[in-house]
Amino acid sequence: MSPRRMAHASSALRSLAREAMWPWLWPWFWWLGPSTFAFRAAAPADSWRMSDIHASGFAQGWARGELEQMIVSANYAADVLVSRGLVGDVVSGFAISRIVAGEAELLTIVLEPETRGRGLSAELLGAHLLSVRRAGGEKLFLEVAADNAPALALYRKAGFEEIGRRKGYYPARNGVPHRDALTMRADLSDLDPTPRYV
Ligand SMILES: CC(C)(COP(=O)(O)OP(=O)(O)OC[C@H]1O[C@@H](n2cnc3c(N)ncnc32)[C@H](O)[C@@H]1OP(=O)(O)O)[C@@H](O)C(=O)NCCC(=O)NCCS
């Protein structure tokens, strides 16, 4: 089975086990649920799953090929959150930044919907900030919709400061009016850039 189909099957089974099965059946499916989470650098084979997860969080998705290009490029840092179960590791979220001459931009951070609300985004972002620093980033910028409360709370807690606002930056869509974008910046120069496994 291809990695993409495997990830779909595993995710679907876990959702079914959690949401649809009667509680007394749950112990039989304990092994389908993610027992632990881990973080690692993204690999090209993750791009299928990352594309699906991105589409779950944003109206305009990223194609698998675009993601693969970013993963293999030296100017990008890409990290994934994986849930570890008996059926294997399943990518459950990711973060990607572009780094040029010491300045980096966080292009996206997104978790699959069933993984949100557990504080894992803070751990993923923490791991990603280290990756960006190790790839040469000293300052990290991002843009976020001013009404994206979970993302704003996540960024502020990670040390990002607001440095600007773009009025009506995000176009109206599906009945939601124009939204402002906040520009934020974090200073990464205090993070240790030494690679972990040297
Ligand atoms: C942004 C995202 C990665 C955050 O992950 P998450 O698992 O939903 O976030 P958490 O549940 O850990 O919440 C993060 C913080 O926001 C807070 N929060 C969550 N919902 C909130 C709300 N509606 N209002 C205010 N604060 C909120 C949480 O309490 C938490 O703060 P804490 O650590 O001080 O308790 C996730 O929601 C996601 O993938 N969203 C879709 C993609 C997206 O918008 N990405 C950001 C683009 S810039």
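How many bridges join strand β4 to strand β5, and which way do the two run? In this predicted model, three bridges link β4 (residues 103–111) with β5 (residues 139–145), and the pair runs parallel. To find a spot along that pairing, look at Glu 105, which sits opposite Phe 141 in β5.

Now step back to the whole sheet. Seven strands make up an open sheet, and reading across you get β1-β2-β3-β4-β5-β7-β6, with mixed pairing. The edges belong to β1 (36–41) and β6 (161–170), each of which pairs on one side only. Direction ignored, neighbouring strands here are turned by 25 degrees against each other on average.

Next, the helices that lie across these strands. Helix α4 (residues 120–134) lies across β1, β2 (76–85), β3, β4 and β5, and runs at about 140 degrees to β2. Helix α2 lies across β3 (88–100) and β4, running at about 80 degrees to β3.

α2 also has a helix partner. Packed helices are described by the angle between their axes and the distance between the axes. For α2 (residues 47–57) and α3 (residues 64–72), those values are about 120 degrees and 8 Å. The crossing of α2 past α3 is right-handed.

And who does the touching? From α2 come Ser 47, Trp 48, Met 50 and Ser 51, and they meet Arg 64, Leu 67, Glu 68 and Ile 71 of α3. Sorted by class, that contact has four nonpolar, two polar and two charged residues.

Methods: Residues numbered from 1 in each chain as written. Predicted model: local features only at pLDDT ≥ 70, side-chain atom pairs only at ≥ 80, totals over all residues. Axes fitted to C-alpha atoms, helices over the stretch in contact; angles between N-to-C directions. Helix = DSSP H or I, 4+ residues; strand = E, 2+ residues; numbered from the N terminus. Left-handed = near helix turned anticlockwise from the far one by under 90°. Contact = placed C-beta atoms within 7 Å. Nonpolar A, V, L, I, M, F, W, Y, C, P; charged D, E, K, R; others polar. Pairing = 2+ DSSP bridges.
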